[in-house]
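I am opening my notebook on this structure. I will go pocket by pocket, then turn to a sheet.

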Amino acid sequence: MQSEQGFVLNDEQLLKRFSYINGSWHSSESDLAVTNPSNGKVVAKVSNAGIAETELAIKSAKQALQLWSSKTANERSTLLKNWFRLLIQHQDDLGRILTLEQGKPLSEAKGEIAYGASYIEWFAEEAKRVYGETIPSPSGNKRLLVIKQPVGVVAAITPWNFPNAMIARKAAAALAAGCTFVVRPATQTPLSALAMAELAERAGIPAGVFNVVVGKDSRGMGKVLTQHPDVAKFTFTGSTAVGKSLISQCATSVKKVSMELGGNAPFIVFEDADLDAAVEGVIASKYRNAGQTCICTNRIFVHQSVLPAFTEKLTQAVSELNVGDGFAKQTQVGPMINSDAVSEVDSLVNESIAAGAKLVLGGKRHPAGDAFYLPTILTQVTNDMPIAKNEIFGPVSPVIAFTSEEQVLSLANDTEYGLAAYFYTRDIGRIWRVAEGLDFGMVGINEGIISNAAAPFGGVKQSGNGREGSRHGLADYMEMKYLCMGGLDR
């Protein structure tokens with residue numbers, strides 16, 4: 001199928017333009033345009049669903065729940081593995097779709113497809129490892145047991161920065177647990193979600209089990225997803241401000257919720273760190289997806305004794321990054337999601353410079369287009385500047401000097417967020433002290449890339465609750481039921 005931009009896929013059926021509800025593709029009276037952030041051109045026009053379609057998707061998920069939850073764990077596992085294999089088989093096309101609508105370099109986009117698929121593979125296996133327990137009884141005529149059952153219909157709202165993986169992480173766990181699933185993807189990037197639905201259908205996942213509703217009415221659709229009585233659990237990845245609002249809406253019906261919200265990740269470079277490795281870690285963590293990741297480095301704390309050497313090495317590495325269209329082979333940093341996002345980052349940079357930060361590199365829009373921003377480094381930053389207090393969500397590295405372990409722990413923890421943190425050191429004692437002292441849900445030690453399906457992904461404080469991935473990832477999609485069996489002596 002050819003898009004309005006003239007892009008052709010190997011498998012034309014992967015470019016879908018309608019919401020997927022109960023195993024069927026649903027058109028609407030109006031459309032929404034999906035544009036390529038690299039050039040602003042229309043990639044495709046997708047039917048604009050609304051409240052009615054959202055309610056229909058929930059109804060379909062409710063109707064499919066009994067069929068899906070009654071399947072054996074092995075049967076669900078087999079279908080999820082089918083889905084995984086199809087995602088990997090179509091990795092190239094899925095990566096192209098993702099780059100078209102989101103902008104990230106094609107190599108990163110293909111990596112996201114593999115990353116998202118890895119969660120489906122992981123939970124396909126974990127589906128067969130949901131264990132109950134027996135409890136020693138207080139009397140001889142009773143037996144006490146705990147079983148685990150799927151929570152029910154799960155509703156999700158997912159962001160534009162990882163339009164495949166953020167759905168895969170949630171849907172894989174939900175379906176493995178025996179739940180059915182309704183997702184509203186970001187309107188900037190619905191094509192990846194719809195392609196996933198096409199492959200879920202090919203994998204044999206029954207109608208109503210996996211539903212995708214695409215629409216611009218975020219308030220109305222969000223209200224349905226958070227307050228509908230047939231939705232048992234709601235899960236969201238996005239900003240803390242929006243997450244708080246959605247949690248309050250879920251409270252009206254006391255829904256189970258899991259939230260993966262904002263971050264303000266510190267990256268600490270101690271005086272004994274391998275500086276080359278630390279720079280490599282910053283590049284991997286900070287500039288991936290043009291800095292538009294919730295766990296990317298946000299504040300770089302460098303010990304005063306190595307500050308000049310580290311800054312020189314970092315400046316050299318960042319200056320060599322290639323910025324451009326995601327389909328260009330040499331591109332390492334693609335566009336931001338839109339021009340407004342660039343303006344927000346540019347404001348943070350200029351406000352911080354006005355407050356005393358020194359611009360070392362970048363600090364303005366890139367000539368490649370309105371959605372591009374030059375990879376930027378600021379030094380002489382303090383922890384109270386706008387660039388340090390706010391989640392940047394762009395390719396900007398603020399460097400902050402420190403002089404002691406105690407000081408940097410205090411500075412790193414001085415934020416309402418608690419998602420990810422990173423530090424580099426060779427001191428084994430310091431590794432334990434700092435890892436335990438950081439108030440964050442995930443810590444990378446001498447490592448800038450930390451997320452994988454086997455590990456629990458999630459934060460503390462105002463970065464959310466619940467965990468995605470790992471064996472703990474199923475817990476948010478299941479309920480414990482206690483059984484007390486009496487009269488066994490009769």
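Predicted model: local features only at pLDDT ≥ 70, side-chain atom pairs only at ≥ 80, totals over all residues.

H4 covers residues 106-126. Helix H5 (165-177) also supplies at least two residues of that lining.

Next I checked the space itself. The second largest pocket has a volume of about 350 Å³. I found 18 residues lining it. Nearest its centre lie Tyr-115, Phe-162, Arg-288, Ile-449 and Ser-451. By type, the lining splits into nine nonpolar, four polar and five charged residues.

Then I moved to the largest pocket. How much space lies in it? I noted about 1,200 Å³. Its lining has 46 residues, and Trp-160, Phe-236, Gly-238, Ser-239 and Val-242 are the closest to the centre. Helix H8 (240-251) is among the elements that supply at least two residues. The others I noted are helix H7 (218-227), strand S10 (231-237) and helix H11 (339-354). H8 makes the largest share, seven residues. I sorted the lining of this largest pocket into 18 nonpolar, 17 polar and 11 charged residues.

I turned to the record. UniProt, in an unreviewed entry, places the feature "domain: Aldehyde dehydrogenase" at residues 26-482. Over that stretch I read 40% helix and 20% strand. The C-alpha atoms at its ends are 41 Å apart.

Last, the sheet. Seven strands form an open sheet, ordered S14-S15-S16-S13-S12-S17-S18, with mixed pairing. Why is one side of S14 and of S18 left without a neighbour in the sheet? Strand S14 (358-361) and strand S18 (442-445) stand at the edges and each has a single partner strand, so one side of each lacks a neighbour there. On average, neighbouring strands of this sheet are turned by 25° against each other, direction ignored.

I followed S14 to its partner. S14 and strand S15 (residues 376-379) pair in the antiparallel sense over three bridges. Leu-359 stands opposite Leu-378 in S15.

I also looked for helices on the sheet. Helix H10 (residues 307-319) packs on it and touches strand S12 (265-269), strand S13 (297-303), S14, S15 and strand S16 (396-402). The direction of H10 makes about 145° with that of S13. Helix H13 (residues 405-413) packs on the sheet as well, touching S12, S13 and S16. For H13, I noted an angle of about 170° with the direction of S13.

Notes: Residues numbered from 1 in each chain as written. Heavy atoms only, no water. UniProt positions renumbered as here; feature names shortened; annotations may be inferred. Helix = DSSP H or I, 4+ residues; strand = E, 2+ residues; numbered from the N terminus. Pairing = 2+ DSSP bridges. Axes fitted to C-alpha atoms, helices over the stretch in contact; angles between N-to-C directions. Contact = heavy atoms within 4.5 Å. 1 Å grid on protein atoms, 1.4 Å probe; cavity = no way out; pocket = protein on both sides within 12 Å on 5 of 7 lines; lining within 4 Å. Points joined across faces, edges and corners; volume = space filled by probe spheres on them. Nonpolar A, V, L, I, M, F, W, Y, C, P; charged D, E, K, R; others polar.
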